[in-house]
Amino acid sequence: MKASLPAVRLVCVVVLFVGTLPIFAQYAVVKDGGALFSFGVGYEWMPDAYSSKGLCLDLSARFYTSERFFYALKGHWGTHDGGKDVKQNGSPFNISDHRNSLLGAAGVGYEFFQSGNSLIDIYVKGLIGYGVRSARYDSYQPVDTDDGNITLGCEKRQRGVAIVTGIGVDTRFKRWTVSPSIDVLYVGKKMDLAPMVSIGYFY
């Protein structure tokens, strides 16, 4: 049952996200369509994780009040499932590590560069909201180069304020966009880095 909790949380974020869209949409103005809805996939780097494995999924929306300024909503899920080899009694031993981050946030953004043909825009954004970080991992305390103390099945959970800052580039194909971006995420009192590519549609 525990394995399904991240998926349940992601569904809750999506429901809240979709439920607020009509509120923001009524303030949107025409910019090839006044609202941009996007889905992104990328890599999430978690500094406390045991390996470089990582994945993130992102749902976002922008509601323009001018050609450059917009309000933004974001739902984000990042995960890591890996491990590392350590030494116990002189022999290698693999310890596991599973981490998740989940957040919902709202804020503002600004397109500080727009190409003359409107095919490329570069934007920055800042959002604040609520997030949860959870981890199930095996702890390791080294004693010397060939030995250490292993504690299996540790769990940790932190929740509270979530902050997102990011920069991205929109490449437009009529109403469709392809947007590489990079976000700095503060969730569960940790900083993550999430480069990703999103596909969006102007409505």
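Predicted model: local features only at pLDDT ≥ 70, side-chain atom pairs only at ≥ 80, totals over all residues.

Trainee: Which pattern does the protein follow along the sequence?
Mentor: Helices (H or I, at least four residues) and strands (E, at least two) are DSSP runs, numbered from the N terminus. Read along the sequence, that gives α-β-β-β-β-β-β-β-β.

Trainee: And in what order do the strands of the closed barrel run?
Mentor: Strands count as paired if DSSP finds at least two bridges between them. Here eight strands close into a barrel with antiparallel pairing, in the order S1-S2-S3-S4-S5-S6-S7-S8. 

Trainee: Which residue in S3 does Phe-63 stand opposite?
Mentor: Look at S2 (residues 55-64) and S3 (residues 69-88), which pair in the antiparallel sense over 10 bridges. In S3, the residue opposite Phe-63 is Tyr-71.

Trainee: Which residues make up the covered face of S7?
Mentor: The uncovered face holds Trp-176, Val-178, Pro-180, Ile-182, Val-184 and Tyr-186. The covered face is Thr-177, Ser-179, Ser-181, Asp-183, Leu-185 and Val-187.

Trainee: What is the phi of Lys-189?
Mentor: Most residues other than glycine have a negative phi. Lys-174, in the loop between S6 and S7, has a positive phi of about 60° although it is not a glycine. Between S7 and S8, Gly-188 takes a positive phi near 60° in a hairpin with two residues between the strands. Lys-189 sits in that loop as well, and its phi is positive, about 65°.

Trainee: Is Lys-174 buried or exposed?
Mentor: Buried means under 20% relative accessible area, exposed over 50%, partly exposed in between (1.4 Å probe, protein chains only). Lys-189 has 64%, so that one is exposed. Lys-174 has a relative accessible area of 79%, so the answer is exposed.

Trainee: Where is Ser-115, and which backbone nitrogen lies 3.2 Å from a polar atom of its side chain?
Mentor: Ser-115 is in the loop between S4 (91-114) and S5 (120-144), and it counts as buried because its relative accessible area is 17%. Leaving aside neighbours within four places in sequence, Ser-115 is in contact (heavy atoms within 4.5 Å) with Ile-120 and Asp-121. The backbone nitrogen 3.2 Å from a polar atom of the Ser-115 side chain belongs to Leu-119.

Trainee: How many disulfides does the structure hold?
Mentor: A disulfide is a pair of cysteine sulfur atoms within 2.5 Å. Cys-56 is buried at 0% relative accessible area, and Cys-154 is buried at 18%. The disulfide count is zero.

Trainee: Last one: what share of the residues counts as buried?
Mentor: The protein has 203 residues. Of these, the buried share is 41%.

Notes: Residues numbered from 1 in each chain as written. Heavy atoms only, no water. Polar contact = N/O pair within 3.5 Å; in protein donor to acceptor, adjacent residues only side chain to side chain.
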